[in-house]
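Open the structure in your viewer and keep the sequence beside it. The stops below say what to select and what is there.

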Amino acid sequence: VVVSPDGRRVAYELVRGERRLMVIDGKEIGAYARIWNPVFSPDSARTAFVAQRLDDDQQVVVLDGRELGPFAEIAPASLAFSENGSRFGFVARKEITTPSWCVVIGDDAGPGFESIHPESLTFSANGSRAAYAARKSDGWRLVLDGQESAICDAIDRLSVRIGGRDG
């Protein structure tokens, strides 16, 4: 059971035989083989969760009742909303046979990487900027608004601030 930040909304998984449904505010959503990580946006207005489809083992993100995908794999811990709830993103890969992971924001998939730290995706407070930690064979880098930083050994906690203010 997940309760929204304002305490007014509830989400939970319901099992009927082989089917899994997400129940949000009493409304049943979908019929899936598996469901992971239901989350609410910080303003409690939006919802998202990861689900595995019944028919083909592909995974989708269900954002506000609409499926995004399908993908071969989605990192459930990667679901992230901006502070104001205006933007949403997650980490996924299109094919299971390739190690190419990408960040998906809205309907746009970014460039592929060997690895993306699943909990690193973060947005500026107003949702205008996005950053995450990604690794290629030569090392880690920060990706800010699609632009890669210099290579480094590791990246720790991310916070996006522009000009001394949240951007």
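How many bridges join strand β3 to β4? Select residues 19-24, which are β3: four bridges join this strand to β4, and the two run antiparallel. Strands here are DSSP runs (E, at least two residues), numbered from the N terminus, and two strands pair if DSSP finds at least two bridges between them.

Before going on, note that this is a predicted model, in which local features need pLDDT of at least 70 and side-chain atom pairs count only at pLDDT 80 or more, while totals for chains, interfaces and linings use all residues. Residues are numbered from 1 along each chain as its sequence is written, and side-chain values use heavy atoms, with hydrogens and water left out.

Seven strands form an open sheet in the order β1-β2-β3-β4-β5-β6-β7, with antiparallel pairing. The edge strands, β1 (2-3) and β7 (66-71), each pair on one side only. At the β7 end, β6 (residues 59-63) pairs with β7 over four bridges, and L63 has R66 as its bridge partner.

Next, select β4 and β5, which pair in the antiparallel sense over six bridges. R34 stands opposite Q52 in β5. A51 is also in strand β5. Is A51 buried or exposed? At 0% relative accessibility, A51 counts as buried, a term that means under 20% relative accessible area, with exposed over 50% and partly exposed in between (1.4 Å probe, protein chains only). Leaving out residues up to four places away in sequence, A51 touches Y32, R34, I35, W36, Q58, Q59 and V60; a contact means heavy atoms within 4.5 Å.

Go to the loop between β4 (27-40) and β5 (47-53) and select S44. In this hairpin, which has six residues between the strands, S44 takes a positive phi near 70 degrees. S44 is buried, with a relative accessible area of 4%. Its contacts, not counting residues up to four places away in sequence, are S4, P5, D6 and R9. The backbone nitrogen of D6 lies 3.0 Å from a polar atom of the S44 side chain.

Last, select V3 in strand β1. V3 counts as partly exposed, at 47% relative accessibility.

How values were computed: Polar contact = N/O pair within 3.5 Å; in protein donor to acceptor, adjacent residues only side chain to side chain.
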